[in-house]
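Dear colleague,

I am handing over the structure below, and after it I set down what was found there, for a reader who has not seen it before. Please keep it open while you read the notes that follow.

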Amino acid sequence: MHTCVTCGKTAAAALVDDDGAVCHLCYNRHRRPRRPCGRCGQLKRIACNARDGQPDLCDGCYRSPDVTCSICSRVRPCTSRDQQRQPICATCYQRHRTGEPCARCGRTKPSTTRWPIGPVCQTCYTVVLRSPAECSRCGTVQPLIARDDDGAAVCGPCVGFAADYTCRQCGRAGNPHSRGRCAHCVLAERVNILLAGPDGTVAPQLEPLAAALADAPSPFPAIQWIKESPNTKLLARLAAEGPTLSHELLDELPPSRNQRYIRQLLVHTGVLYERNEDIEHIPGWLEHELADKPAAHANLARPFLHWFLLRRARQRAAVRRHPASADRDLRRRVSVALDFLAWMDQRDLTLADLAQEHIDEWITGATSQRRYLIRYFLKWTTSRRLTRELTVPSIPWQEPQDLLDEDDRWPLLQRCLTNDALPTDVRAAGAITLLFGPSTERLCHLTPEHLKVGDQHTHLVLGRHPVLLPPLLAGLLRHLAEQPQLRPQLSRAHPGPQWLFPGMVPGKPISTHGMTQKLGRHGIPVRTARNAALAALAADLPSPILADVTGMHRHTALRWVAYAKRDWAEYLAARTEDQQEGRR
C-alpha cells in the first residue's frame, strides 16, 4: 500500500516513479497515456486498446459489453465485479457498496481510505485534509490523521505512518489537489491561465483581480468556479483579446447576467471604478434595444433617456436616504415610448398630429397599466414643443386585494421565529416582512448599522425612528451581523458595507427577485405577507407615525390608514393641543 502523491489516499499503486506512487484512480484520470481515438479522432485517454480489428477507443467512445447485472438482473454495461467476480452495473455498485463505521464520525459509510485512526469516510477525509493543524507531538502543521496513547490528535509520521500531504511546490501542508500540489498552487496556476493576455501574461490592470482570486480563503470552490462558471468564459475572452477594460467596453457587450457579474467583479476588486450601476448601465441597454429600430425612433429615444429620465434619476439618487432601484422603471418608460412610436407608425401619425383622442385610444387599448407610463414621454415632447398639451389620466389606485389572513400570519411568524430547520436568513427576512412590511428593496439592503443594540433591547431602523424588535428576531439579526461573509470569498479593494443578506454577486446584497423567490420556496408569500403587516400597522398607528416607522412616503401611509378605515383627526388635534400646552 502506498500514499498517492496526487490525491493523498492510501491505496495500491498503479505506478511508482520519481514523483512517488500513484493510485489506480489517479493513474486513469491523469497519467494514462493519450492517443488518437480510432473513432472520434481526438487525442484522449484510451479506454480500450486496439484488437481484433477494432481501433483504439477513448473513454467517450468505448462502451463496455452489455451483460446481466447480478443484482438488478438488467442487461446493462457492467464494469464492476463483486467478491465472486459477478458483474455489477454502476447504479447497483454505488447503491450496494458495503460500509463500515467511520473512525472519526462513527457513521456507517463506504470508507475512502484507512489511516492510523481507522477507516475514514469521504466527508471526514475531506474535512481533515482541508483543515491541517499543529501536531501536539512534533509541532508541525499537518493533517492530523492519527492519535497518540493519550488520545491527542497527531500527524501520520509521528506514529510511523508515511503519509506526506505536503505540497511539492510551496511546502504547504494539507489541501491536496493533484500531482502532489495543494489546491492553493493549482488555483494560482489556473488564475494565471484564466487572465492571460495575448502575450501569455496577466496584464497589470488585472493584477488586483488575479491576487484576489488566488488569495481566496477556500481554494476548492474557486477552482470549481473557474472550471464551470459561464462568467469565467466571458472573463477569459476579454482578457485574451487584450483591450483595456472599462465600463464603456462592457456596455458594448449584449446585456446579460454574465456581463453584469463580470462588471461587478471588476469593480469589487478595484479594476474598475464604482458607479451607480442601477442607472449608468441604461444607456448601453438602450443602444442594444435600438439596434433594430428606425433611426427616427432612436433620435427621439436617446435624448428622452439622457436629458430627461437619467437627469431626474441621478438627481433623486443623490439625495435619497434609502436605496431604490430605478433600473426597471427607466427601462419600462423607454420601452413604452418605443412601443408608442411603433403604434404611431402603424397609423401614419406624427408627433405634431397627436390629439387627445389618440392618447385615449392608446390607453383604452391596453390590457395592463403599463401604457399609462407614456405620460413621461409626452411630458418631455410637450416641453420640447414637439406635441401639443395632452392629458394622460392617472393610474387608477386600487386597494390591496391579496392579504394574508391573520389566522395564517401569526403561525407563519411563529414558524420563522422558532423553527431551527429554516435557514437563518429566511427566518429573519420572513419575520421582518410579517411584522413591519418593508419593501423588498429596503429589506435586502439592511446592514449591521441598521441594528441598534442596547443593554436590554435591540431596535431596527427602517425609517426615521427605530422600532423595537422581539428578542427572538433580535437574536437572528445579531447572528447574521456577526457571522463571516461566506460569499463572495474575495478581498475588496475598498471597504464596503456588510450586508445582512449578501448575494451571489461580489459586494452586492441579494436581489429583490432572489429574496422573493427564496422566501416563497419556504412558504412565505412576500406580497400578501407585506400587505397584511401594513394593514395591521395602519389599523393601530396614525399615518405620520406609520411613515416614520416603516420609511414609506407620507401619502402612501395616508392611503394605508384610509384602507384600514381609521380616522386619526382627533388624535392629531389632541397631539397638537398637548404640544401647545407643553410650550406654555
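P36 stands opposite L43, a residue of strand 6, and this pairing belongs to the antiparallel arrangement of strand 5 (residues 34-36) and strand 6 (residues 43-48), which are joined by 3 bridges. Please bear in mind throughout that this is a predicted model. Strand 5 and strand 6 together form a hairpin, with 6 residues between them, and in its turn G41 has a positive phi of about 80 degrees. Strand 6 is also joined to strand 7 (residues 57-58), here by 2 bridges, and these two strands again run antiparallel. In that pairing, C48 has L57 of strand 7 as its bridge partner.

S73 has a positive phi of about 65 degrees although it is not a glycine, and its place is in the loop between strand 8 (66-68) and strand 9 (75-77). Is S73 buried or exposed? With a relative accessibility of 55%, S73 counts as exposed, because the cut-off for that word is over 50%.

R385, which is not a glycine either, has a positive phi of about 60 degrees, and you will find R385 in the loop that lies between helix 15 (374-383) and helix 16 (406-418). The relative accessibility of R385 is 79%, and R385 therefore counts as exposed.

The remaining notes concern a pair of helices. The axes of helix 17 (residues 424-436) and helix 19 (residues 471-482) come within 9 Å and cross at roughly 135 degrees. The crossing in which helix 17 passes helix 19 is left-handed.

Which residues make the contact between these two helices? On the side of helix 17 they are T424, D425, R427, A428, A431, I432, L435 and F436, while helix 19 brings L473, L476, L477, H479 and L480.

With kind regards

Key
Residues are numbered from 1 along each chain as its sequence is written. This is a predicted model: local features need pLDDT of at least 70, side-chain atom pairs count only at pLDDT 80 or more; totals for chains, interfaces and linings use all residues. Side-chain values use heavy atoms; hydrogens and water are left out. Axes are lines fitted to C-alpha atoms, for helices over the stretch in contact, and angles run from 0 to 180 degrees between N-to-C directions. Helices (H or I, at least four residues) and strands (E, at least two) are DSSP runs, numbered from the N terminus. A crossing is left-handed if the near helix is turned anticlockwise from the far one by less than a right angle, and right-handed if clockwise. Contact means heavy atoms within 4.5 Å. Buried means under 20% relative accessible area, exposed over 50%, partly exposed in between (1.4 Å probe, protein chains only). Two strands pair if DSSP finds at least two bridges between them.
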